[in-house]
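Visitor: I am new to this structure and would like to know how its descriptions are reached. Please show it to me.

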Amino acid sequence: MRAVYGIALAVGFVSLLTWIIAVFAAGSVDGWESFDLEERFGASGRRVVAAVLGFGMAGLSASYAGWNTALAVAAAVAGAAVGVALAGPTSVRD
């Protein structure tokens, strides 16, 4: 399961960096408005990225802490839920 958590963490981290860079570039460079992921995917897309990142981070942490598989999966699901909650209820553009 550590591989699953590790892949989720890597995908979530790369997605988060991509999201930040794309939103920054779309707001700073003329003609790049089509790269704005916040406009394209909104709060739902941001929640997905946060859920994947939270799942990977919590699952990997619990797994390396020596928790059994069931508790590590529960921690990963809780991490995903916390990530969704922290991603915000609405779009930052509202």
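Visitor: What makes Ala70 and Ala85 exposed residues, and where on H3 are they?

Guide: Exposed means over 50% relative accessible area, buried under 20%, and partly exposed in between, with a 1.4 Å probe and protein chains only. Ala70 and Ala85 are exposed, and they sit on the face of H3 turned away from its buried side. The model is predicted: local features need pLDDT of at least 70, side-chain atom pairs count only at pLDDT 80 or more, and totals for chains, interfaces and linings use all residues. Residues are numbered from 1 along each chain as its sequence is written, and side-chain values use heavy atoms, with hydrogens and water left out.

Visitor: Why is H3 said to have a buried face?

Guide: In H3 the buried residues are Ala72, Ala75, Ala76, Gly79, Ala80 and Gly83. Seen down the axis of H3, they fall within an arc of 145 degrees, so they line one face of the helix. The arc is taken from the directions from the helix axis to the C-beta atoms.

Visitor: What do the buried residues of H3 pack against?

Guide: They pack against helix H1 (2-28) and helix H2 (37-64). Packing is judged by contact, which means heavy atoms within 4.5 Å.

Visitor: Why is the pair Glu38 and Arg46 called a salt bridge?

Guide: A salt bridge is a side-chain nitrogen of Lys or Arg within 4 Å of a carboxyl oxygen of Asp or Glu.

Visitor: Are Glu38 and Arg46 buried or exposed?

Guide: Glu38 has 4% relative accessibility and therefore counts as buried. Arg46, at 13%, also counts as buried.

Visitor: Why is Phe35 called partly exposed?

Guide: Its relative accessibility is 46%, so Phe35 counts as partly exposed. Phe35 is in the loop between H1 and H2. Leaving aside neighbours within four places in sequence, Phe35 is in contact with Ala22 and Ala26.

Visitor: What makes Met1, Val4, Val73 and Val77 a patch?

Guide: Patches are made of residues with over 30% relative accessible area and no salt bridge; like charges are joined within 9 Å, nonpolar side chains (Val, Leu, Ile, Met, Phe, Trp, Tyr) within 5 Å. Val73, in helix H3, has a relative accessible area of 33%, so it is partly exposed. Together the four residues of this nonpolar patch have about 330 Å² of accessible area, by the Shrake-Rupley method with a 1.4 Å probe, where for residues only the protein chains shown count as cover.

Technical notes:
Helix = DSSP H or I, 4+ residues; strand = E, 2+ residues; numbered from the N terminus.
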